[in-house]
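Subject: Structure handover

Hello,

Here is the structure you are taking over. My notes on it follow below the model.

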Amino acid sequence: MGIVSSLFTRPKKRRFSAWQVELTTRCPLQCRMCIKEEYRDWQRKDMAISDFKRIVPYLNEVENVVLEGWGESLMHRNLIDCVKLIKEQGARTGFVTSGMGLDENYASQLVKEGLDFMGFSFSGATRETHNRIRVNSDFDELCTSIRSLQRIMKEEGAITPNLHIVYLMLKGNIHEIPLLIDLADTLGIKEIVLIHITHITNEWQDREKAFFCEDHVRLPYVIDEAMLKAKKKGISLSMPSFSMRSVPVCSENPLRNLYISVDGEVSPCVYLYPPIGSPFKRIFCGEERIVERVRFGNIFRASIEEIWDSDEYRRFRNSFRERQKASEKLYESLLEIKPLNTFSYPEAPLPCQTCHKILGF
């Protein structure tokens with residue numbers, strides 16, 4: 001009966017879908033699309049393992065722990081320990097990386113500790129394009145690291161980490177996406193996530209963004225080619241919108257996810273608490289905006305219940321719940337073929353009103 005019961009009983013849903021925990025703000029790269037290019041007051045810091053252990057007791061209520069923020073997670077000397085502590089709480093864990101520092105010993109330890117997922121950041125499907133955009137990264141070394149990791153997994157008989165490619169699209173590299181499908185196939189990777197530059201801080205980044213703050217923009221022709229090629233090769237290809245479409249809740253989903261900075265500050269998402277002074281600048285659809293950093297408490301000094309259930313944090317989330325309800329009503333009207341008046345969502349929280357994520361990018 002126990003076996004039969006397990007086939008029909010789903011595991012209890014945890015309170016949170018994902019926590020993004022920033023282990024370090026240090027990174028050896030100088031990527032042209034990174035906000036570091038604009039700010040000179042960047043705070044370079046690592047989270048102490050003693051502080052990380054303050055977070056661990058809460059992780060049995062979290063489905064996924066993403067160990068990354070504004071830095072390169074592989075640079076944190078206690079990364080392996082953090083993975084082990086998370087796995088003991090029954091949560092899935094992983095991160096996106098530039099691959100810098102991922103030698104065979106490091107890769108072997110991550111595999112043995114049961115890392116669940118790992119994404120590799122590419123900014124080109126050729127050495128020339130990738131290295132030009134992700135300054136200090138080396139395309140060939142990155143590919144070698146992935147192949148070494150694949151070999152180690154095979155030797156260990158491990159099915160995890162699940163590997164994927166994260167490709168930040170710019171005008172200067174979007175033409176290589178069909179080639180990226182071939183590269184992924186060669187590397188044995190079956191999942192590619194295409195993303196846009198979200199936090200724009202200078203004129204170069206604004207010119208290079210691959211999306212348009214307009215309605216009904218046709219997909220670039222290379223995307224159609226890439227989608228067809230990915231289907232033939234059995235590769236999953238996911239992407240954001242290329243034209244503006246307001247969404248009730250952004251892809252960061254602050255209703256079930258949160259971000260913890262390197263110094264323990266709890267924020268709805270990584271884009272609302274960069275490691276710089278407040279306020280900070282962002283360019284939204286071509287216009288410069290000034291935004292205050294958003295945080296609702298420090299998890300090193302207060303419990304997650306105190307922070308998550310605070311009046312201020314509840315008000316923030318309720319803004320998205322109201323947008324969600326409006327979306328549901330709109331959907332019901334469409335199903336009933338009712339005539340629609342001009343539709344608009346209730347306002348998002350002020351800091352989110354000038355974020356490209358709220359436009360579906």
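A disulfide here is a pair of cysteine sulfur atoms within 2.5 Å. By that test the structure, which is a predicted model, holds one disulfide. Cys213 and Cys285 form it, with an S to S distance of 2.0 Å. The angle about the S-S bond is -80°, and the link of Cys213 and Cys285 is left-handed. It connects distant parts of the chain, 72 residues apart: Cys213 lies in the loop between H8 and helix H9 (221-233), and Cys285 in the loop between strand E12 (280-284) and strand E13 (287-291). Both cysteines are partly exposed, Cys213 with a relative accessible area of 25% and Cys285 with 27%.

Cys34 is in no disulfide, since the nearest cysteine sulfur, that of Cys31, is 6.4 Å away. Cys34 is buried, because its relative accessible area of 18% falls under the 20% cut-off. Cys82 is also in no disulfide, and the nearest cysteine sulfur, that of Cys27, is 18 Å away. Cys82 is buried, with a relative accessible area of 0%.

Cys82 belongs to helix H3 (residues 79-88), where the buried residues are Leu79, Ile80, Cys82, Val83, Leu85 and Ile86. An α-helix has 3.6 residues a turn, so residues three or four places apart point the same way. The buried residues of H3 pack against helix H2 (49-55), E3, strand E4 (92-97) and helix H4 (104-112). After H3 comes Gly90, with a positive phi near 80°.

Next, the strands. Strand E1 (residues 16-21) is mostly covered, with six of its six residues buried. What does E1 pair with? One partner is strand E3 (residues 62-66), which runs parallel to E1 and is joined to it by four bridges. In that pairing Gln20 stands opposite Val66. Another partner is strand E10 (residues 257-260), also parallel to E1 and also joined to it by four bridges. There Trp19 stands opposite Leu258, and the bridge partner of Val21 is Ile260.

In a regular strand the side chains alternate between the two faces of the sheet. E10 is covered on both faces: Asn257 and Tyr259 are buried on one side, Leu258 and Ile260 on the other. Besides E1, to which four bridges join it, E10 pairs with strand E11 (residues 266-267) in the antiparallel sense, over two bridges. Tyr259 stands opposite Ser267 in this pairing. E10 and E11 make a hairpin with five residues between them, and Gly264 in the turn has a positive phi of about 90°.

Leaving out residues up to four places away in sequence, Phe52 touches Val21, Leu23, Met47, Leu67, Cys82, Leu85 and Ile86.

The axes of helix H6 (residues 139-156) and helix H7 (residues 177-187) come within 10 Å and cross at roughly 35°. From H6, Phe139, Cys143, Ile146, Arg147 and Gln150 meet Leu183, Thr186 and Leu187 of H7. By class, this contact of H6 with H7 has five nonpolar, two polar and one charged residues.

Is Thr201, with its relative accessibility of 0%, buried or exposed? Thr201 counts as buried, because 0% is under the 20% cut-off. Thr201 sits in the loop between strand E8 (191-196) and helix H8 (203-208). Apart from neighbours within four places in sequence, Thr201 is in contact with Ile35, Glu38, Tyr39, Lys281 and Ile283.

Regards

Notes. Residues are numbered from 1 along each chain as its sequence is written. This is a predicted model: local features need pLDDT of at least 70, side-chain atom pairs count only at pLDDT 80 or more; totals for chains, interfaces and linings use all residues. Side-chain values use heavy atoms; hydrogens and water are left out. Buried means under 20% relative accessible area, exposed over 50%, partly exposed in between (1.4 Å probe, protein chains only). Two strands pair if DSSP finds at least two bridges between them. Axes are lines fitted to C-alpha atoms, for helices over the stretch in contact, and angles run from 0 to 180 degrees between N-to-C directions. Contact means heavy atoms within 4.5 Å. Ala, Val, Leu, Ile, Met, Phe, Trp, Tyr, Cys and Pro count as nonpolar, Asp, Glu, Lys and Arg as charged, and the others, Gly among them, as polar.
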